[in-house]
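Please open the model in a viewer and keep the selection panel at hand.

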Amino acid sequence: MVREEAVFKGTRDGLLIILDDHSEFKQVLDMLKAKLEAARGFFQGAQVIIDSGNRKLTGKQKKTLSKLINSQTGLTLKGFSDDKIAETAITKEKPETKPKEAEEQNLFQVSFGQVSPLPVMFINRNLRCGQRVKFAGHVVVTGDVNPGAEIVAHGNVVVIGTLRGLVHAGVSGDQKAFVAAFRLEPSQLRIAGVFTRSPDEDAKCLNGRPEIARLRDGNIVVEQSSTNQTLSLVQRG
Amino acid sequence: MGEVIVVTSGKGGVGKTTTAANLGTALALNEHRVVLVDADIGLRNLDVVMGLENRIVYDLVDVTSGVCRLKQALIRDKRFNENLFLLPAAQTRDKTAVTPEQMKALDEELKLEFDYVIVDCPAGIEQGFRNAIAGADRAIVVTTPEVSAVRDADRIIGLLEASEMAEVQLLINRIRPNMVKRGDMMDIDDIIDILAVDLIGVVPEDDRIVIATNRGEPAVLDSTSRSGQAFRNVACRITGEQVPLMPLEIEEGFMARMKHLLGFGR
């Protein structure tokens, strides 16, 4: 994998910029400048946290960075990770926690190699009331997710069955995360930082076609999809 | 070598004890050797439902703690010759008085002697539940057609699956066909759709259960009771017999019943 000097990640607490700690500071700064330039306007209104990894930033370097961030339209620097502001957000990001979490759930898991940057967990059974799956990647359930069951995933959630429980996709702030199910009747749906619940009236899935819930302009929107589309989305991650 | 069947539900009041008493009695009526084990330590009921309360000398905790031998604690039900026994729970202790290992050992011992060991599980998912399922070969999960009971049944089935219970079957209790027909009660398909386990029987709501319970005479002994018939069918299915579900439509008028008697109609 090519190492990048600056990696952008959306989290619940804002935009996390992870700086590579092996490159020269100057190099990192140039890269960051170029990236911000390229994404002009895209991160409108974002609160930025800078994670400098193992690198110890000097006061001067911090000043340079904060000047750079604040000079961009709509961006405000919230702080540096070593200021402990974003501690929780960052520990969640660390990939080292992945295998541990998967083991905790004691579930059958297969990683999809290079197809998607996030690993995929397959659950080949029903998830029942009181069962909770937390995974730093995508989750695919071949079975039902019953009321009272919970899935919390950093990536997307696909249920090949009926989804009646609670799902939180893109828990680390991924606005592009989606939830798809053959029958989408969740008690509550969360994508990134947006929460929604089913309407009070009995809104059963109308025609048995799979549905996808995703974020559109800050709202969770449910739309129909053909099975082919669903599968291709999984592949693309 | 017999089989240990635990009757469980998660939620209280759905009819675990009634089910255990009736299935045990029905199996004994079919000439199987049966022992009923009340695992609800501290809140024992099975002895009352069976009408054997006044014959308790030793209880389950006395056996596991070595105060008496297993044989001494077993109460023989005189109505069924040598076929039905009860191991009552202790009333003055609580669930922590027994460990899952002790229950397992107890079940193993009872299995040698009896064809069926029926364990009446307490409500909840704590130690009492873990004790009751420890030595069981299969489980019958009792639920009623209510959202709360189905939710708890789902939780229990999840826990049973996690503890690698070989066979889990569902018994739907207290169903009221008229309410289901009007759409006011969950029907069997709704429940099966959510729980996704095999159905072993459906028992209709029946006022006679209350009378039978108070008298200490299980409903299966009453040949005219609908719920008794349903429990007898379940007992047959436990032994591997194929028995169709009985039709639930019952509230027939006098004429319909006459027609039925004369061979017309349904």
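**A tour by selection**

Begin by selecting B:Glu205, which is partly exposed at a relative accessible area of 28%; here buried means under 20% relative accessible area, exposed over 50% and partly exposed in between, with a 1.4 Å probe and protein chains only. The model is predicted, so that local features need pLDDT of at least 70 and side-chain atom pairs count only at pLDDT 80 or more, while totals for chains, interfaces and linings use all residues. Residues are numbered from 1 along each chain as its sequence is written, chains are lettered from A and ligands numbered from 1 in the order in which they are written, and side-chain values use heavy atoms, with hydrogens and water left out.

**Salt bridges within chain B**

B:Arg174 and B:Glu205 form a salt bridge with their closest N and O atoms 3.3 Å apart; the term denotes a side-chain nitrogen of Lys or Arg within 4 Å of a carboxyl oxygen of Asp or Glu. B:Arg174 lies in strand S7 (residues 167–175) and B:Glu205 in the loop between strand S8 (198–204) and helix H10 (207–215) of chain B, so the pair ties together parts 31 residues apart in sequence. Helices (H or I, at least four residues) and strands (E, at least two) are DSSP runs numbered from the N terminus. B:Arg174 is partly exposed, at 37% relative accessibility.

Next select B:Asp77 and B:Arg79, whose side chains meet in a salt bridge (2.8 Å, N to O). B:Asp77 is buried at 3% relative accessibility, whereas B:Arg79 is partly exposed at 37%.

**Helix H6 of chain B**

Select residues 127–134 of chain B, which form helix H6; its buried residues are B:Gly128, B:Phe129, B:Asn131, B:Ala132 and B:Ile133. What covers these buried residues? The cover includes strand S1 (3–8), helix H5 (100–113), strand S5 (116–120) and H7 of chain B.

**Where chain B meets chain A**

Now display both chains. Eleven residues of chain B are in contact with ten residues of chain A, contact meaning heavy atoms within 4.5 Å. The area buried between the two chains is about 910 Å², with carbon and sulfur atoms giving 40%; buried area is the accessible area (1.4 Å probe) that two parts lose on being put together, summed over both. Highlight B:Arg151, B:Asp154 and B:Ile194, which supply 46% of the area that chain B buries against chain A, more than any other three residues.

How many salt bridges are there between chain B and chain A? The count is four. One to select is B:Asp193 with A:Arg164, at 3.2 Å from N to O.

**Last stop: chain A**

Select A:Glu223 and A:Arg214, which form a salt bridge with their closest N and O atoms 3.4 Å apart. A:Glu223 is partly exposed at 25% relative accessible area, whereas A:Arg214 is buried at 17%.

Finally, show the whole of chain A, which has five helices and 15 strands. Of the 237 residues in chain A, 47% are buried.
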